Amino acid sequence: MGTLTALLRKVLNPFAEAEPVVVPHTGPARPAVTQEAWPAAPADAIGMFLDFDGVLHRAENGSLERMPQLVTLMERFPQLHIILSTNWRLHARRDQLLAYFPDEIQPRLIGVTPYLPECSPPRRERECHAF
């Protein structure tokens, strides 16, 4: 598992050494996540919680510029499945979220984390545990 973790860090976040970009939330209160039906993961699946901002693209530019690296990673590790923990899950339906991914990855998206607004920091970690 250590090899997979190291590869994830190297491939998906080549700027990890750089100073992190912090973008505060200034919009309205976030809605509850709609838990639509997602496919069940195979018994041997390894779940990977995936954020978009700062992972699939730098900061919040929306480009998804690192999607090719994610495709490569998913090809290399067929047991890897994705759970979306990105804030994008708060404002999009399942079909809209799937549309961001190439066809070959879509079947390996298995869900989204719940939104826990009443949760104290680290909220994202607690949302992943709640999944």
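Which residues of the largest nonpolar core touch the most other members? Select L70, I82, L84 and F101: of the 21 residues in this core, these touch the most other members. A nonpolar core is a set of buried Ala, Val, Leu, Ile, Met, Phe, Trp, Tyr and Cys residues joined through side-chain atoms within 4.5 Å. Buried means under 20% relative accessible area, exposed over 50%, and partly exposed in between (1.4 Å probe, protein chains only).

The model is predicted: local features need pLDDT of at least 70 and side-chain atom pairs count only at pLDDT 80 or more, while totals for chains, interfaces and linings use all residues. Residues are numbered from 1 along each chain as its sequence is written, and side-chain values use heavy atoms, with hydrogens and water left out.

Next, colour β1 (46-50), α2 (67-76), β2 (80-84), α3 (94-99) and β3 (109-112), each of which supplies at least two residues of the core. Helix α2 gives the most, with five residues. Helices (H or I, at least four residues) and strands (E, at least two) are DSSP runs, numbered from the N terminus.

Now select F52, in the loop between β1 and α2. Is F52 buried or exposed? F52 is buried, with a relative accessible area of 0%. Leaving out residues up to four places away in sequence, F52 is in contact (heavy atoms within 4.5 Å) with H57, L64, L84, T86, W88, Y100 and F101. The C-alpha atoms of F52 and L84 are separated by 8.5 Å, although the two are 32 residues apart along the chain.

**An aromatic pair**

Move to F49 and F131. Rings of Phe, Tyr and Trp (its six-membered ring) pair if their centres lie within 6.5 Å; planes under 30 degrees apart count as stacked, over 60 as edge-to-face and the rest as tilted. The ring centres of F49 and F131 are 6.0 Å apart and their planes stand at 90 degrees, so the pair is edge-to-face. F49 lies in strand β1 and F131 in the segment after α4 (123-130), so the pair ties together parts that are 82 residues apart in sequence.

**Salt bridges**

Finally, select E127 and R89, whose side chains meet in a salt bridge (2.9 Å, N to O). E127 lies in helix α4 and R89 in the loop between β2 and α3, so this pair ties together parts that are 38 residues apart in sequence. A salt bridge is a side-chain nitrogen of Lys or Arg within 4 Å of a carboxyl oxygen of Asp or Glu. E127 is buried, at 0% relative accessible area, and R89 is buried at 2%.
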